[in-house]
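Please read it alongside the sequence and the coordinates.

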Amino acid sequence: MAVEPGVADPDSDAEPAHYTLRVGEQRLDLNARLGEPLRLVWHGNIFCIHCGRRTRKSFAQGYCYPCFKSLAQCDTCIVKPETCHYFAGTCREPAWGERHCFRPHVVYLANSSGLKVGITRGTQIPTRWLDQGAIQALPILEVDTRQQSGFVEMLFKERVADRTNWRAMLKGEVEPLDLSAQRDRLFAQLESGFVPLRERFGADAFQRLDQRPRRFRYPVLEFPRKIASHNFDKQPEVAGTLLGMKGQYLMLDSGVINLRKFTGYEVSVM
Ligand SMILES: [Zn+2]
C-alpha cells in the first residue's frame, strides 16, 4: 500500500492523503473505493519482499527468515540506531549502511496519538508521518548520521513518547498540538543533555531546524468507535464496507487491518 499526501502545501489545510493499494501489477485507488464494499482474500502464499522466495512466515513485515537474519535493513540497530555497530566492524552490509545510515537524518515531533518524537531519513518525509497516521509533524533537528539521530531520540524519550497508540490514532480522537511550542519547551528542558553529544560529535553536529509544522488529513468517512482488527493469519478473508484509511490501516465496517503487516502476502482484491 502506498500513501501519498494530498496537497503538500504546509500553509493550507491539506487535502486528504491519497492511498493506493498495489496488487501485483495493478494499482487500486482506495480513495475512490470509499463507502463501497471491499473484499481481500489471502491465498496462503507469502513472498519475501527482498529476495522473492516463498516463505512460510513473514519476518519484520515481509522478509523471509534468511533475509531477516542477514540484511542490514533487518538488524535491530535500524530500530535502535543508537546501537549502530558499524564502527565495531560488524555491520551486516557495510556498503548498505554507508548508503542508508551515513546520510542526513531528521529528528521530528509528530502528533499521531499525542506528542511523539521520531527520526527519519530526509528522503522519507512526509511518507513516514503519513505511515504513522500523524495529523501534524514538525522537523526539529538535522544530523549527519542515523546513529546520531538515535542518540537525540534517546534524549527526547526521557520526556516524550516514541510510539503511536494505534487504537487512539484510529479512533480519530487526537487533539491538535502546538508543535512549535512543544519543540521550544523540549529544547529548553533538554539543553544539558546535548552537552555530551556535542562533545562527542562536534558543536555543529546537531543543527536545529526552524520550520513550520505540517498538517495532514486522511480519507475517512467514519472513525471506528470500537477497534476490532483483522488478521490474514487467522482469517484469510477480510470483507466489509471501506470507511477510511489512516496510517497503515484500512478501516472497514467489519474491523481494521494493518496492511503493512501483510506486505508480501499474496492477496486478491475484489
Ligand atoms: Zn528473502
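How many bridges join strand β4 to strand β10? Strand β4 (residues 37-46) and strand β10 (residues 237-246) are joined by 5 bridges and run antiparallel. The model discussed here is a predicted one. Its protein chain contains 7 helices and 13 strands. The radius of gyration is 20 Å, close to the 18 Å that the globule rule gives for 270 residues, so the chain is as compact as a globular protein of that length.

**Overall dimensions and contacts**

- Taken along the principal axes, the box filled by the C-alpha atoms of the protein chain is roughly 55 × 45 × 30 Å.
- Buried residues make up 33% of the 270 residues of the protein chain.
- Among contacts with a separation of 6 or more, 64% are between residues 24 or more positions apart.

**The five-stranded sheet**

- The order β12-β11-β10-β4-β13 describes an open sheet of 5 strands with antiparallel pairing.
- Strands β12 (255-258) and β13 stand at the edges with a single partner strand each, so one side of each is left without a neighbour in the sheet.
- From one strand to the next, the twist averages 45°.
- In β13, Val267 is the bridge partner of Trp42.
- In a regular strand, side chains alternate between the two faces of the sheet.

**Strand β7 and its partners**

- Strand β7 is mostly covered, with 6 of its 8 residues buried.
- Strands β5 and β7 pair in the antiparallel sense over 7 bridges; in this pairing, Glu142 in β7 is the bridge partner of Val106.
- Strand β7 also pairs with strand β8 (residues 207-208) in the antiparallel sense, over 2 bridges.
- Glu142 has Gln207 as its bridge partner in β8.
- Strand β9 (residues 214-215) is joined to β7 by 2 bridges and runs antiparallel to it, with Ala137 opposite Arg214 in β9.

- Helix α5 is mostly covered, as 10 of its 11 residues are buried.
- The buried residues of α5 include Arg146, Gln147, Gln148 and Glu153, together with Phe151, Val152, Leu155 and Phe156.
- The elements covering the buried residues of α5 include β5 (105-111), β6, β7 (136-143) and α7.
- Helix α5 (residues 146-156) packs against helix α7 (residues 179-201) at an angle of about 145°, and their axes are 10 Å apart.
- The crossing of α5 and α7 is right-handed.
- On the α5 side, the contact is made by Gln148, Phe151, Leu155 and Phe156; on the α7 side, it is made by Leu186, Leu190, Gly193, Leu197 and Phe201.
- The largest nonpolar core has 46 residues, and those with the most contacts inside it are Val107, Tyr108, Val152, Leu250 and Met251.
- Leaving aside neighbours within four places in sequence, Val107 is in contact with Val117, Ile119, Ile140, Leu141, Val143, Ser149, Val152 and Glu153.

**Two loop residues**

- Arg260 lies in the loop between β12 and β13.
- Arg260 counts as partly exposed because it has 14 C-beta neighbours inside 10 Å, where partly exposed falls between 12 or fewer for exposed and 20 or more for buried.
- Although Arg260 and Ser58 are 202 residues apart in sequence, they are 11 Å apart in space, C-alpha to C-alpha.
- Gln124 is placed in the loop between β6 (115-121) and α4 (127-131).
- Gln124 has 13 other C-beta atoms within 10 Å and is therefore partly exposed.
- The C-alpha atoms of Gln124 and His105 are separated by 9.5 Å, and the two residues are 19 residues apart along the chain.

Technical notes:
Residues are numbered from 1 along each chain as its sequence is written. This is a predicted model: local features need pLDDT of at least 70, side-chain atom pairs count only at pLDDT 80 or more; totals for chains, interfaces and linings use all residues. Helices (H or I, at least four residues) and strands (E, at least two) are DSSP runs, numbered from the N terminus. The radius of gyration is taken over C-alpha atoms; the globule rule is 2.2 Å times the number of residues to the power 0.38. Two residues are in contact if their C-beta atoms, placed from the backbone, lie within 7 Å. Two strands pair if DSSP finds at least two bridges between them. Axes are lines fitted to C-alpha atoms, for helices over the stretch in contact, and angles run from 0 to 180 degrees between N-to-C directions. A nonpolar core is a set of buried Ala, Val, Leu, Ile, Met, Phe, Trp, Tyr and Cys residues joined through C-beta atoms within 7 Å. A crossing is left-handed if the near helix is turned anticlockwise from the far one by less than a right angle, and right-handed if clockwise.
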